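Biologist: Hi! Can you help me find my way around this one, a bit at a time?

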Amino acid sequence: MHPPRALRLTLLTSLAVLAPLVPFVSLGEEAVAAPSAAVTVVNPGFEQGATAWTFTSGTGVATNAPHSGSKLAYLDEGATKKVSQTITATADGVVDVSAWVTTGGAGGKFVARVNGTVAGSVALPGQSAYTRYTIHRVAVKNGDQLEIAFEGGSGASYVNVDDVEVGASLIPAVEFANPGFEQGATAWTFTSGAGVATNLPHGGTKLAYLDEGSARKVTQTVTATGDGMFDFSTWAATGGTGGKFLARVNGAVAGSVDLPSRATYSRHTISRVSVKKGDTVTLSFEGGVSWVNVDDISVSPSAPVDPVVTSSDPKIVAMFDWAKRKANSYVQLPGAIGPINVDEGHLAGTGVGPYAPSYWAGYANRSAYYGRDMAHQVGGAAVLGLHAENKSMLHAFAASATPRHKYYPVWAINFDNKTYLATDYKNPDYFVREVPATFELVEKANAAYRWTGDDDYINDTALWNFYKTSTKEFIELHDSAKPNGVAEGKGTHIFDGAASYKEDGDLHVIEAGDGVAAQYQAFRAMSALAASKGDTALSNTYKQKADDLQAYFNDTWAGSGNGASMIRAYTTEGEPVTGWGKEMSWIMLQKQITAPGARSDAYLDYVDTESEGSGRSRNIEAYTYLPDVFFTYDRNDTAWKWMNYVYDQRNVQHVVSKQGPNGDYPEVSFTLVSQTVEGLMGVQPDAPAKSLSTLSRLPSGMGWLQVKDIKVGGNTFTLRHDGATSSKLTNTAGSASYNWEARFAGNRSTIKVDGVAQTVKTKVVNGKTYTYANVTVAPGQTATVTVS
């Protein structure tokens with residue numbers, strides 16, 4: 001759940017058992033793949049026995065406990081033991097060499113040699129679980145001899161090796177060396193009164209400090225190896241005002257941040273700095289009226305889409321501008337070498353690896369994204385055009401939902417998109433997993449598809465299999481204690497499989513409101529995905545499953561009570577649970593499994609009241625759900641109230657001190673982005689169908705709101721709402737005409753398109769009546785729809 005402390009040069013020793021996946025990578029200008037060295041490993045998984053490999057005595061091929069397939073290579077104890085393969089490169093290039101290894105003790109080595117000279121190595125620690133190790137950026141020329149070798153050691157009772165891989169390195173156009181100061185002063189320039197210290201770093205063991213005074217400086221200059229636009233971030237703590245964080249391009253200031261007076265670390269970002277190949281880029285920290293500490297500098301590719309909000313209400317303008325820039329700062333730079341398995345017990349991580357397209361989704365003291373957080377951030381990421389990141393991360397979770405894992409996706413994955421976060425994953429039988437996440441990831445894959453129109457979401461084998469097993473085999477496998485077609489948790493511990501996202505308290509439940517509601521939405525998503533794939537029968541099957549589950553929930557599962565008397569879970573003994581359940585309560589509403597009408601209305605009142613009462617949540621991220629809940633039921637003023645609450649708490653220290661202020665929890669910014677576009681503006685995209693619908697949900701007192709640069713599929717739009725009676729859409733870029741369904745709450749007497757009266761049409765959605773018009777908006781055209 002958190003930001004990369006990039007380029008910490010320690011060894012990759014993270015716990016993982018995820019087979020290598022082929023990520024969906026869109027490099028853009030910010031990173032380029034090094035030219036392929038045409039280095040191909042023969043028999044990388046030893047499935048053909050000894051073929052292509054050289055073995056000394058005391059080594060060989062075995063069948064016990066391979067990482068994948070049926071075979072592995074082994075080395076007995078001893079420094080003379082060696083397994084190797086030498087490959088002739090057929091082109092120039094730079095490559096990463098990886099392997100999955102388990103050992104009985106420290107002492108072994110993983111080595112890459114080019115023409116007999118060591119180009120990189122990893123000292124293998126004692127690690128009984130398979131771990132992926134990588135030797136980064138090995139340069140070869142056409143005709144060079146690349147040797148990949150595994151060598152035993154006197155302390156290594158055994159070394160097992162499997163799934164060796166060589167791939168082209170992805171090298172960012174801009175990267176800064178030693179960004180966490182773990183190598184002391186290396187690559188940085190310090191004036192007097194500035195240096196490296198070990199007291200209170202943000203991560204790892206070191207930080208840079210500046211004593212009082214504007215003359216104190218810490219700087220590093222690099223040369224860009226390609227074109228691009230970047231965000232530069234740092235964690236800083238200060239004893240007073242006056243300190244500065246600056247980015248210069250070719251000596252000219254391209255952006256700066258005035259560091260506030262804050263004794264605890266917070267994250268600061270210089271956004272959207274454009275560079276060209278050959279430009280010099282300098283990051284500089286300058287002193288102020290008191291001390292300044294800085295740590296963990298990172299580089300993010302600037303978001304492909306930069307929406308701009310204007311409004312009669314300056315609060316939403318400031319809120320959205322802050323949120324989009326904060327969210328963008330959490331995007332990882334593909335190819336950057338960053339730490340793996342950072343958590344509160346491993347401040348520098350247990351190793352390093354090349355980061356893949358991804359973004360930070362979770363706590364600041366961990367180097368991974370979490371399924372629950374990511375699911376809630378997909379919408380905001382889509383608004384910012386982070387489609388490569390969404391797809392790559394969803395694919396990583398999908399690939400982890402194996403039969404061995406009982407079709408649960410893992411809970412958290414490091415930013416390399418391959419290594420499971422060790423603090424949450426111990427082995428295939430003992431890892432954090434919660435029922436709602438499985439279903440939410442299916443729902444959000446469909447949402448990402450609607451934003452992009454990318455057919456990989458319906459054609460990719462791993463994704464499609466995930467949708468199917470999550471909505472069938474997963475449920476069948478986890479429906480034994482209370483057989484009713486609802487997926488169950490164990491009711492014991494999150495490492496055994498929890499029924500709910502609600503982790504606090506000692507209530508043991510096997511079915512929970514958020515789980516069954518998420519399952520309902522997964523059925524609906526599967527129906528929509530199957531329809532887009534052209535499988536009408538499957539689509540109808542899942543539509544019926546969704547309808548049946550909703551009916552069962554409202555007629556039986558949730559009981560007959562209202563408000564606090566409504567059932568929101570069942571215990572391991574089969575007893576119903578009522579009362580305030582936080583996630584168990586509000587997600588039932590958010591997912592629309594509760595039938596519209598008086599009962600839902602009463603429960604909305606109950607959620608709003610309890611969220612402000614003595615049982616309210618302590619963590620800010622819980623409140624990020626509330627605007628979604630109330631927008632879903634067109635309670636616009638209440639939704640806006642909770643958006644304001646979340647935003648106004650951004651500088652308050654998070655309940656988890658290592659997280660920093662509330663605003664540095666990424667779910668806060670990502671959801672404020674989505675709640676502006678999908679909530680206030682009511683945008684529902686359907687890029688595969690070349691259509692979108694809109695609904696003004698402006699709160700009382702907000703006269704008008706406009707969002708420029710909303711990208712749906714290959715087109716970009718500007719949308720403006722004036723109150724609840726006028727909407728204007730411009731198809732500003734792209735080649736396709738789009739069907740626009742302009743919706744307005746209520747049954748209106750008149751509706752006009754560009755001033756011309758139309759036949760009034762209405763529809764009912766989730767119990768609410770809407771008046772609407774369908775308009776084809778061609779590229780370059782604007783349409784205005786009004787009602788009265």
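Biologist: In what order do the strands of the open five-strand sheet come?

Modeller: The order is S13-S16-S21-S18-S19, with antiparallel pairing. Strands here are DSSP runs of E with at least two residues, helices are runs of H or I with at least four, and both are numbered from the N terminus. Two strands pair if DSSP finds at least two bridges between them.

Biologist: Which strands sit at the edges?

Modeller: Strand S13 (189-190) and strand S19 (252-258), each of which pairs on one side only. S13 is joined to strand S16 (residues 217-223) by two bridges, and the two run antiparallel. Thr-189 stands opposite Thr-219 in S16.

Biologist: Before I go on, what kind of model is this?

Modeller: It is a predicted model, where local features need pLDDT of at least 70 and side-chain atom pairs count only at pLDDT 80 or more, while totals for chains, interfaces and linings use all residues. Residues are numbered from 1 along each chain as its sequence is written, and side-chain values use heavy atoms, with hydrogens and water left out.

Biologist: Good to know. How many of the residues in strand S7 are buried?

Modeller: Five of six, so S7 (residues 109-114) is mostly covered. Buried means under 20% relative accessible area, exposed means over 50%, and partly exposed is in between, using a 1.4 Å probe and protein chains only.

Biologist: And which strands does S7 pair with?

Modeller: S7 pairs with strand S8 (residues 117-123) in the antiparallel sense over six bridges, and with strand S10 (residues 145-151), also antiparallel and over six bridges. Arg-113 has Val-118 in S8 as its bridge partner, and Phe-110 has Phe-150 in S10. S7 and S8 form a hairpin with two residues between them, and Asn-115 in that turn has a positive phi of about 55°.

Biologist: New topic! Which residues touch the most other members of the largest nonpolar core?

Modeller: Among its 149 residues, Ile-316, Tyr-359, Met-374, Tyr-467, Trp-586, Trp-740 and Val-785 do. The largest share, 10 residues, comes from H8. A second, separate core has 31 residues, including Val-222 and Val-257. A nonpolar core is a set of buried Ala, Val, Leu, Ile, Met, Phe, Trp, Tyr and Cys residues joined through side-chain atoms within 4.5 Å.

Biologist: How about pockets: what volume does the largest one have?

Modeller: About 1500 Å³. A pocket is an open set of points on a 1 Å grid over the protein atoms alone, where a 1.4 Å probe fits, with protein on both sides within 12 Å along at least five of seven lines; lining residues have an atom within 4 Å of a point. Points are joined across faces, edges and corners, and the volume is the space filled by probe spheres set on them.

Biologist: Last one: is Asn-636 buried or exposed?

Modeller: Asn-636 is buried, with a relative accessible area of 16%. Asn-636 is in helix H14 (residues 636-648). Leaving out residues up to four places away in sequence, Asn-636 touches Phe-631, Ser-696, Arg-697, Leu-698 and Pro-699, where contact means heavy atoms within 4.5 Å.
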